[in-house]
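Let's take a walk through this structure together. Please have the viewer open, so that you can find each place as we come to it.

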Amino acid sequence: MQNGKIFIKTFGCQMNEYDSNRIYDSVSKLGFVKTNNQSNADCYILNTCHIRDKAKEKVYHEIGRVKKLYRDKKKPIMVVAGCVAQAENEEMLKREPYIDIVLGPQSYHKVNDLLKNYIRNLKHDVTEFDTISKFGYFDQIKNKNNKISAFLTIQEGCDKFCHFCVVPYTRGPEYSRPFYKVIAEAEQLIENGAKEITLLGQNVNAYSYTENSKEFRISNLINHLNQYSELDRIRYTTSHPRDMTDDLLECYSTTNKLMPFVHLPIQSGSNKMLELMNRKHTVDEYLKIYERLKKINEEIEFSSDFIVGYPGETQKDFEDTFNLIKKIKFINSFSFIFSPRPGTKASKLKMIDKNISKERLKLIQKELFNNQKEINRSMENQIIDVLVENRMEKQSKLFGRNKYITPVIFDACDSNIGKIVKVKIQTSNQNTLFGSVDKNMKAA
Ligand code: SAM
Ligand code: SF4
Ligand code: F3S
């Protein structure tokens with residue numbers, strides 16, 4: 001469709017964001033052009049997330065909204081992609097005739113053919129697990145993402161089967177992309193102007209690719225990327241405590257571009273809960289990783305994910321989580337009330353009282369948010385290194401991030417975009433640091 005406009009609305013994790021960008025790269029071969037105007041598209045893709053709450057209902061609600069937007073216009077080709085599409089597949093086509101194509105995350109290599117067929121008036125549900133073909137296909141298409149901070153998926157899927165989680169069902173088994181294909185794509189991103197690359201995977205540190213009897217781990221990728229002079233920063237997310245192997249920990253002392261920030265979900269501070277959740281690690285093992293990394297570099301800070309109100313969680317279990325949060329002053333974190341997901345083991349368990357869960361969430365969030373505010377406040381009047389990403393929409397300020405991924409908003413001119421600059425922090429709130437750049441200042 002020459003000059004057809006395509007709009008993708010993305011929910012969920014960074015891997016969905018990466019996938020949406022790769023879909024844009026793919027459909028551009030059909031002549032589709034990306035638009036940011038959601039009410040004027042020829043093709044509208046909802047890239048969905050199934051991790052919590054009423055994910056399915058939210059999708060139907062979104063489709064209702066799109067219907068309204070296009071009431072007096074030509075209907076766009078309506079595609080539901082992502083993890084809800086994978087979980088619901090043809091059910092969605094039956095329930096909502098407005099949907100034309102249902103496309104699971106491992107079938108994105110088929111998007112161009114599906115759109116061509118749609119134009120020939122066929123409805124489609126494609127939700128097979130076919131990760132190699134997906135990446136085999138995308139390896140042939142240049143990654144055109146030209147962001148200063150770019151995502152790069154190196155691993156997909158999960159074999160760990162935590163009892164609460166849908167990811168193994170929506171993303172399929174663990175798959176690691178070939179080492180040299182990842183490097184080739186990283187080089188494209190660097191050529192496009194990336195100064196920071198975040199390696200992505202549902203279990204990113206489980207990355208393992210073997211070629212000619214040599215195993216490549218995420219540490220090999222980090223060490224390799226560290227050599228590119230045009231690249232300033234390397235990050236990775238999301239990691240699992242069980243895969244924090246020695247070679248990865250070593251990268252924190254042998255490389256200078258790996259940021260001193262580790263997002264390492266623990267979910268609960270109670271061993272009993274970790275076992276009930278089938279997390280396959282203990283609190284002590286987590287603390288050991290924390291201590292070893294702090295020994296390597298005291299500046300390393302942690303963030304985490306927590307689930308409260310998981311079936312079987314007693315007041316004592318909750319207090320264990322609360323005490324862990326007090327002990328490790330997480331720099332930021334995500335915390336959720338357990339949400340039963342269809343098809344998972346935990347969905348069959350007896351829920352604990354909703355009000356107790358709500359109260360527990362309130363208590364840990366208060367503690368987590370206070371930590372966050374305190375850490376941000378401690379940066380006031382300091383001069384810090386910020387990688388400048390862009391000018392903020394409709395504002396005169398620039399946007400960047402410090403080494404801990406905290407957003408920084410500050411006054412400076414556009415020539416700083418893509419550079420690491422020294423910013424003097426003046427004020428802060430829970431999520432953001434505010435300041436201004438000064439050429440004469442030296443970073444702390
Ligand atoms: N693979 C990562 C790990 O093992 O930590 C996390 C992946 S998941 C996309 C992100 C987070 O969502 C999890 O760490 C967990 O805290 C939360 N989550 C997953 N399933 C959930 C559920 N059923 N209810 C509440 N939170 C959930
Ligand atoms: Fe989900 Fe657990 Fe796999 Fe993370 S490790 S994606 S929480 S099943
Ligand atoms: Fe959501 Fe799927 Fe990511 S369920 S968090 S979009 S892997």
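This is a predicted model: local features need pLDDT of at least 70, side-chain atom pairs count only at pLDDT 80 or more; totals for chains, interfaces and linings use all residues.

Residues are numbered from 1 along each chain as its sequence is written, chains are lettered from A and ligands numbered from 1 in the order in which they are written, and side-chain values use heavy atoms, with hydrogens and water left out.

Let's begin with the overall fold. The chain has 14 helices and 21 strands; both are DSSP runs numbered from the N terminus, helices being H or I with at least four residues and strands E with at least two. The radius of gyration is 22 Å, close to the 22 Å from the globule rule for 444 residues, so the chain is as compact as a globular protein of that length. That radius is taken over C-alpha atoms, and the rule is 2.2 Å times the number of residues to the power 0.38. Along its principal axes, the C-alpha trace spans about 60 × 55 × 50 Å.

Now for the charged side chains. The count comes to 34 salt bridges, each one a side-chain nitrogen of Lys or Arg within 4 Å of a carboxyl oxygen of Asp or Glu. Take Lys9 and Glu62, whose closest N and O atoms are 3.4 Å apart. Lys9 lies in strand β1 (residues 5-10) and Glu62 in helix α2 (residues 55-69), so this pair ties together parts that are 53 residues apart in sequence. Glu62 is buried, at 11% relative accessible area.

Which strands does the bridge between Arg233 and Glu196 link? The two side chains meet at 3.9 Å, N to O, and they connect strand β13 (residues 233-237) with strand β10 (residues 196-200), 37 residues apart. Arg233 and Glu196 are both buried. Elsewhere, salt bridges that share partners join Arg22, Asp25, Asp139, Arg177 and Glu185 into one network.

A local pair is found in helix α4 (residues 90-95), where Glu91 and Lys94 are 3 residues apart, about one helical turn. Their salt bridge is 3.7 Å, N to O. Glu91 is partly exposed at 41%, and Lys94 is exposed at 60%.

Finally, follow the backbone. A cis peptide bond, with omega about 0 degrees, joins Thr237 and Thr238. Thr238 sits in the loop between β13 and α10 (246-254). Further along, the loop between α11 (271-276) and α12 (283-296) holds Asn278, which has a positive phi of about 65 degrees although it is not a glycine. Lys280 is in the loop between α11 and α12 too, and its phi is positive at about 70 degrees, again without being a glycine. Asn278 is partly exposed at 21% relative accessible area, and Lys280 is partly exposed at 34%.

Technical notes. Buried means under 20% relative accessible area, exposed over 50%, partly exposed in between (1.4 Å probe, protein chains only).
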